[in-house]
Amino acid sequence: MMWTRETPGAGEPWGIRNEASVRERRADDLRTVQSQLADVLADAGSADWTAQSRDAFVARVETLGPGLALLIDGLEEQGAALRRYGADVEQIQDEQRSLEYRRGEAHSRYWAFQRQLQALPMDDPVFTVDASIPVERARLGAHMDSERSILRNVDAQWNELVVRRRAADSFCAQQLGSVAVLGGLSSVTAAVGRGATATEILVSLAALSAEDLQVFLRSHPDLVRGFQDNEPTPSVVKGWWDALDPGQQTALLAGAPAIIGALDGVPWPARFTANKTNIAQARRDNAATIASLREQIAAVPQGKSFVPQKVDLQNALAAALKRELTYQVMAGDDHQVLLFDPAGNGRYAEVHGTLSEKTANIAVIVNGTTLDMDTVLDYDDRARLLFDESVRRGSAPLVTITWMGTDFPSWETYFPSNRDQFAIDGGPRLARFVSGLDELSAAPIGVVGHSAGGAIVGSAEVTGMPAAYVMHIESAGAGPGVHTIEDYANPAIERFSMTSPDDPIQDVQESHVLGADPDTLAGVRTLDSGYSSISEMSPVVGLIVGSQAHNDVFNQDSRGWTEIFTRLTDERMR
């Protein structure tokens, strides 16, 4: 409620007390529910259920207990804080009215004495005096001094009212955000409110229960995606995570999976667990979308004028059903998901293989144009095939990763004036991701950029990416602003480039909008794609030319694929 220095008692105490009563009634209702749940649990032991059904029900009900207790305590503390605040405001109002009356009376008397002193006519003959008489003048002056003293005293008490109102506001706000009301939420809420660093917020999050974390993230949905661009360095994250006790780690996995699942520096098994939870939540959200779309379609009136509306809804339903199939696959036990966020075009990373002390090489595959949540599993086949073949051949242990940690371009992206923005945005994100891998493993990391992914890899190199070697495959460019390898943070690492003859990507390379053509950079070793130029019209069976080669270098029977595989499994890369 608004108040000013002139009206320190502004507000409606009855309304404040009503808000307190609302919270107290809700607490009473929840306490009734709490009691009923206790009765249900007591009766469950005698219920005629199968053991599996009973145990599942009991486990679910028991999870509600801590959350209910938190809500009851918080509502009661809020009610108490609001009742005190209402009483404070009411008392300030009473004192404000008293001071206003005293001020008005003192002003009236002062001006009456002033008029007498100036020998002004008065309506009341009682106050008519001869002001020329020195004794009377002194008496009137003394009366005026007394009234001025009263007014100064009133002003001082008014200032005290203003201070008390500020204190009442501050105390109420503090109580409503206190540990007693919000549990551990108070510290992290305060940290976010004052613009704390991501590291400070992480420290505060670690003190919360799983229930508190869920409440907090529901009220701060932007924090999750914000962490992906402003999170602490992976080394800081690793140190923070390692310092947590098992109970804190478990609470974070249960209460903040969206943050932990995307936090570079957190051990992979923890992130896999968090992202299982994130995928399950995405499936629930998508199921609600599907149900809503079906209801909307059923409600569309008949008639030609409504056909476009119905078609739009049907297309949206088809997309949601397709997305459910994608989520279903991602949720499988054979998928190790290192990053998952369905918002926008999506964020996703999947691991093939097991990270251990025996791991000889790690390969991060950054694909290109049209990569999004609906296509990422198709692109992931490239990383899966490379890993599977390394196992079949008995190569040194290889781990491959598909990375989609930023928004990838569509074909139209190459035409706007800011067509390099996707690489400028994506480079630092990729660099941080690779730094997170480097914190967890001593194995050399190779980063493969295909098509538009090549420009993102180049941007990451400018930022500073701890890769042992880099491969540009049919790459759109060496990275925005890159003219030589000296523009990279680590120019000395080994680099390779492969572009098939007559691949249309050469038009983008020649424009230099996304940096220099990687094939022409001094210090970059070119690899043979195995495809012939259209102009040569090679008669060799199986050779593919032109635009097909752009993606078909990842076909296992191609020379280009063999070149890629050889580098990724080469012992010398260690």
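Entry 1, helix pair. I looked up helix α9 (residues 234–243) and helix α15 (residues 421–440): their axes come within 9 Å and cross at roughly 45°. Axes are lines fitted to C-alpha atoms, for helices over the stretch in contact, with angles from 0 to 180 degrees between N-to-C directions. Helices are DSSP runs of H or I with at least four residues, strands are E runs of at least two, and both are numbered from the N terminus. I therefore noted α9 and α15 as oblique to each other (under 35 degrees is roughly parallel, over 145 roughly antiparallel, 65 to 115 roughly perpendicular, the rest oblique). For the contact (heavy atoms within 4.5 Å), I listed P234, S235 and K238 from α9, and R432, S435, G436, E439 and L440 from α15.

The model is predicted: local features need pLDDT of at least 70 and side-chain atom pairs pLDDT 80 or more, while totals for chains, interfaces and linings use all residues. Residues are numbered from 1 along each chain as its sequence is written, and side-chain values use heavy atoms, without hydrogens and water.

I checked helix α19 (residues 559–568): seven of its 10 residues are buried, so α19 is largely enclosed by the rest of the structure. Buried means under 20% relative accessible area, exposed over 50%, partly exposed in between (1.4 Å probe, protein chains only). I recorded G560, W561, E563, I564, F565, R567 and L568 as the buried residues of α19.

I found D502 in the loop between β7 (494–498) and α17 (505–511). D502 is partly exposed, at 33% relative accessible area. From D502 to Q548 I noted 46 residues in sequence and 9.7 Å in space, C-alpha to C-alpha.
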